[in-house]
Every structure is written in structure tokens, then in C-alpha cells.
Amino acid sequence: MSEKLIPFDMAALLSSDEAITEYLSQVLADGDTEEIIRALGHIARARGMTQIATESGLGRESLYKALSPGAKPRFDTCLLYTSDAADE
């Protein structure tokens, strides 16, 4: 009998400010740039990508692109997103 694995979605676990804060603290402590970008993407999906894009002034597609695996977003783009997410 083969076991069926279900996809893991980190964003589904980020349902509170406390969970988001702890997750981001751990990722920042590790210091891996790729993981930080990935974490910001998980947080954006948990909060609602369209809402974050609208409130930060970024297009939704631009936000997805900036936070996709392998992306190298500009620092000011990250600041736009994170300052908006912190206001939540």
C-alpha cells in the first residue's frame, strides 16, 4: 500500500500575528536570503496577496514575481511590502 502525501502550505499555518512573528524571527535568525524572500511570500499569501499588493502600491503580479523562488527583489520593494504587512 502506498502512502499519499499531501502538499505542505506554510501560509496555512500563519493564521495569527504571533505565528507570523515567530516564523519571521526564525528565518531572519538563520540569515539565508533565499529563505527570507520565501518567508515573505508565505506571509503575503497568509495575509492575502491582493490586499498586500493594493495597500503597498505594488501590482499583484509584481508582488508574486518579487517573492517567487529565485527572485532577487530590490530592497525598496521589500520595504514597501514589509512596512505594509507590519501595519496589519
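Trainee: Where does Ser-56 sit?
Mentor: Ser-56 belongs to helix α4, residues 49-56. Helices here are DSSP runs of H or I with at least four residues, strands are E runs of at least two, and both are numbered from the N terminus. Keep in mind that this is a predicted model: local features need pLDDT of at least 70, side-chain atom pairs count only at pLDDT 80 or more, and totals for chains, interfaces and linings use all residues. Residues are numbered from 1 along each chain as its sequence is written, and side-chain values use heavy atoms, with hydrogens and water left out.

Trainee: Is Ser-56 buried or exposed?
Mentor: Ser-56 is buried, because its relative accessible area is 10%. The cut-offs are under 20% for buried, over 50% for exposed and partly exposed in between, using a 1.4 Å probe and protein chains only.

Trainee: And which backbone oxygen lies 3.3 Å from a polar atom of the Ser-56 side chain?
Mentor: That is the oxygen of Ala-53. A polar atom of the Ser-56 side chain also lies 3.5 Å from the backbone nitrogen of Leu-58. A polar contact is a pair of N or O atoms within 3.5 Å; within protein, one must be able to donate a hydrogen and the other to accept it, and residues adjacent in sequence count only if both atoms are side-chain atoms.

Trainee: Switching to charges, how many salt bridges does the structure hold?
Mentor: Five. Each is a side-chain nitrogen of Lys or Arg within 4 Å of a carboxyl oxygen of Asp or Glu.

Trainee: What does Arg-45 pair with?
Mentor: Its salt-bridge partner is Asp-9, with the closest N and O atoms 3.0 Å apart. This pair links distant parts of the chain, 36 residues apart: Arg-45 is in helix α3 (residues 33-47), and Asp-9 is in the segment before α1 (10-13). Arg-45 counts as partly exposed because its relative accessible area is 37%, and Asp-9 is partly exposed at 35%.

Trainee: What about Arg-38 and Glu-35, how are their side chains joined?
Mentor: By a salt bridge, 2.9 Å from N to O. Arg-38 and Glu-35 are three residues apart in helix α3, so about one helical turn separates them. Glu-35 is partly exposed at 21% relative accessibility.

Trainee: Last one: which residue does Arg-60 bridge to?
Mentor: Glu-61, at 3.6 Å between the closest N and O atoms. Glu-61 is exposed, with a relative accessible area of 54%, while Arg-60 is partly exposed at 37%.
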